[in-house]
Amino acid sequence: MTASAPTFHRGRPSRWRRLLFKAPVALYRDGPAELLRRRCVMLLTTKGRKSGLPRTGGVSFMPLDDHFVVFSGWGIRSDWYQNLLADPEVTLQIGRRRIPATAVPVADPERRRQLMRQMRERSAHCGPPRPIRDLLRRTGVLDYDGEVALAVAQAGSLPVVELVPRADQQDRIPRP
């Protein structure tokens, strides 16, 4: 897969952030998958570029027409982003539905900016509920609104990916 690689990247997340980012995988498996879907969180399974094994992580998403948009808030060095560059065939789990899809990185910086602005408009209804956002921000674990603002500011260089379900899966697309 060839796409002009965005240049945005940042350091590794803290231990607390890593635990927070791993929580959706455990929560999806333990029950409240539909709640996470409504908060715009999906599970994305890629094939490990080195191991060839399935790798699953939770990512925020935005439905758009007949596909989904995700962005790599940790930049080009995010493992899931590197994995889908190596093999664009992925599996999405949105709520209880699993959907095979193809990952298409967005090469045009202006298109990335446009998609990030759309995602910012949806952010009030996505991510942690307001009381939890405030708690996470006050404890220094995660400033969700600050992260959204940073993502929009860096949108021209932030990796943005469109996840296009296989044609035979279009009728299975759930909406938050």
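This is a predicted model: local features need pLDDT of at least 70, side-chain atom pairs count only at pLDDT 80 or more; totals for chains, interfaces and linings use all residues.
By a nonpolar core I mean a set of buried Ala, Val, Leu, Ile, Met, Phe, Trp, Tyr and Cys residues joined through side-chain atoms within 4.5 Å; buried means under 20% relative accessible area, exposed means over 50%, and partly exposed lies in between, with a 1.4 Å probe and protein chains only.

Residues are numbered from 1 along each chain as its sequence is written, and side-chain values use heavy atoms, with hydrogens and water left out.

What does L92 touch? Leaving aside residues up to four places away in sequence, L92 touches M42, L43, L44, F68, R97, R98, I99, A101 and L163, where a contact means heavy atoms within 4.5 Å.

Stepping back to the whole chain, there are 6 helices and 7 strands, which are DSSP runs numbered from the N terminus (helices H or I, at least four residues; strands E, at least two). Of its 176 residues, 44% count as buried, and among contacts between residues at least 6 apart in sequence, 71% join residues at least 24 apart.

Now to the disulfide, defined as a pair of cysteine sulfur atoms within 2.5 Å. The count comes to 1, and this disulfide joins C40 to C126, with 2.0 Å from S to S. The two cysteines are 86 residues apart, C40 in the loop between α2 (33-38) and β1 (41-47), and C126 in the loop between α4 (109-122) and α5 (130-138). The torsion about the S-S bond is about -45 degrees, so the disulfide is left-handed. C40 counts as buried at 1% relative accessibility, and C126 is buried too, at 6%.

Finally, the backbone: most residues other than glycine have a negative phi. C40, however, has a positive phi near 65 degrees, and D65 has a positive phi near 55 degrees. D65 sits in the loop between β3 (62-64) and β4 and, at 63% relative accessibility, counts as exposed.
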